[in-house]
Amino acid sequence: MAFEPPQRLVRALGETAPSGDDWLEKLPEVAQQAVDLRELTVERVQVPGGRSSLVVLVRRPDGTPAVLKLAPRRARPESERAALAHWGGRGAVQLIEASAGEGVLVLERLHPDVSVRSLPEAKALLEAAGTLRRLWVEPPTDHVFETVSERTGRQAAAMRGASAEVASLVSAALEAREALLAAPPEQRLLHGTFRQSKVLAGDRVPWLAVGPDPVVGECAFDLARLVRDRVEDLIATPSGASTTRRRVKRLAESLDVDQERLRGWTLFRAVESGVRALRVGRPRDAELLLEFAGWL
């Protein structure tokens with residue numbers, strides 16, 4: 001079959017692709033080779049799919065349903081492989097096979113069209129938070145995962161070139177980062193990009209996380225991304241600011257995370273995402289994220 005990359009993937013990689021990157025052009029050939037090598041039967045490409053990888057629903061030679069995932073090197077597939085192997089299916093999708101250096105993963109098949117976002121908001125937050133808690137484990141002693149300090153350091157450097165109209169928010173976010181990194185309370189293996197859409201229905205257990213971009217650091221950093229889930233709904237609600245503050249308090253209490261540290265990382269991550277959206281030409285997304293950040 002033709003492995004046509006979904007437009008969502010094409011757009012997202014187009015925003016971040018370095019000059020001369022030809023991963024998308026080679027993707028159909030690489031996908032076919034991965035399928036042939038493993039004698040997989042292809043059902044369909046998952047659409048709209050993710051923003052950093054091609055996801056293909058397949059069956060293994062024995063008929064077992066599975067997922068074939070292909071990602072470019074800049075999406076850090078080796079880091080994802082290592083994290084999934086360390087979790088061993090606890091709270092996350094099970095890794096079946098990975099090819100070192102190829103950016104190819106074979107994963108347990110979940111229900112790709114059913115995420116916790118399909119639940120009412122309060123229930124969705126509860127289930128997502130419970131899933132996230134299971135992922136927060138000690139990292140391997142010899143791990144090579146990026147740290148929160150390293151990742152946010154790169155992000156902070158990019159933020160400093162933001163336009164004057166967002167200078168006050170950027171300044172507040174950078175100050176929050178410096179204070180938070182001064183004395184982190186714990187070091188755990190984190191999902192890195194956790195949100196409701198990253199939690200899919202499973203058969204082994206009701207909900208499992210997918211698509212990590214793992215990082216090692218404090219739990220509040222991971223939880224911060226969940227705070228702003230459904231940001232468009234929050235912005236559209238007259239009580240959005242107060243709802244956001246209540247959400248920070250509720251999530252912090254339910255997962256034993258310091259509320260002020262959660263607020264600080266939520267601010268940093270929202271401003272960073274907003275500035276990045278401005279930089280790549282998504283002004284509507286930037287507007288939502290920066291308004292949200294202003295509430296914090």
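Which residue stands opposite V199 in β9? In this predicted model, the residue opposite V199 is A209. The report begins with the sheet that holds this pair and then turns to other parts of the chain.

Strand β8, residues 199–201, pairs with β9 in the antiparallel sense, over three bridges. Together with β6 these strands make an open sheet of three strands, ordered β6-β8-β9, in which the pairing is antiparallel. The edges are taken by β6 and β9 (207–209); each has a single partner strand, so one side of each is left without a neighbour in the sheet. On average, and with direction ignored, neighbouring strands of this sheet are turned by 55° against each other. Helix α4, which spans residues 121–135, packs on the sheet and touches β8 and β9. The direction of α4 makes about 55° with that of β9.

S115 belongs to strand β6, residues 111–115. Is S115 buried or exposed? S115 counts as buried, because its relative accessibility is 14% and the cut-off for buried is under 20%. When neighbours within four places in sequence are left aside, S115 is in contact with Q196, S197, V199, L200 and W207. V199, one of these contacts, is the residue that stands opposite A209.

## The five-stranded sheet

A further open sheet is formed by five strands in the order β1-β2-β3-β5-β4, with antiparallel pairing. Which strands stand at its edges? They are β1 (41–45) and β4 (95–99), and each has a single partner strand, so one side of each is left without a neighbour in the sheet. Neighbouring strands here are turned by 25° against each other on average, direction ignored.

Within this sheet, strand β2 (residues 54–59) and strand β3 (residues 65–70) pair in the antiparallel sense over six bridges. V55 has K69 in β3 as its bridge partner. Helix α3, residues 77–87, lies across β3, β4 and β5 (104–108) and runs at about 145° to β4.

The loop between β4 and β5 contains E102. This residue counts as partly exposed, because its relative accessibility is 48%. E102 and L267 are separated by 165 residues in sequence and by 36 Å in space, C-alpha to C-alpha.

## The crossing of α7 and α10

Helix α7 (residues 219–227) and helix α10 (residues 259–279) have axes that come within 8 Å and cross at roughly 65°. The crossing of α7 past α10 is right-handed. On the α7 side, the contact is made by A220, F221, D222, L223, A224, R225 and V227. On the α10 side, R261, L262, W265, T266 and R269 take part. By class, this contact has seven nonpolar, one polar and four charged residues.

## An aromatic cluster

The count of aromatic pairs comes to three. F221 lies in helix α7 and W265 in helix α10, so the pair ties together parts that are 44 residues apart in sequence.

F221 is buried, with a relative accessible area of 1%. W265 also counts as buried, at 0% relative accessibility. F221, W265 and F268 form one aromatic cluster.

## Backbone features in the loops

Most residues other than glycine have a negative phi, and most peptide bonds are trans. Against that background, three places in the backbone may be noted.

The peptide bond that joins V47 and P48 is cis, with omega about 5°. P48 is placed in the loop between β1 and β2.

E39 is not a glycine, yet has a positive phi of about 55°. The position of E39 is in the loop between α2 (23–38) and β1, and E39 is exposed, with a relative accessible area of 58%. D256, likewise a residue other than glycine, has a positive phi near 55°. D256 lies in the loop between α9 (240–254) and α10, and counts as exposed at 66% relative accessibility.

Definitions and conventions
Residues numbered from 1 in each chain as written. Predicted model: local features only at pLDDT ≥ 70, side-chain atom pairs only at ≥ 80, totals over all residues. Heavy atoms only, no water. Axes fitted to C-alpha atoms, helices over the stretch in contact; angles between N-to-C directions. Helix = DSSP H or I, 4+ residues; strand = E, 2+ residues; numbered from the N terminus. Left-handed = near helix turned anticlockwise from the far one by under 90°. Contact = heavy atoms within 4.5 Å. Nonpolar A, V, L, I, M, F, W, Y, C, P; charged D, E, K, R; others polar. Buried < 20%, exposed > 50% of the residue type's maximum accessible area, 1.4 Å probe, protein only. Pairing = 2+ DSSP bridges. Phe/Tyr/Trp six-rings, centres within 6.5 Å; stacked < 30°, edge-to-face > 60°.
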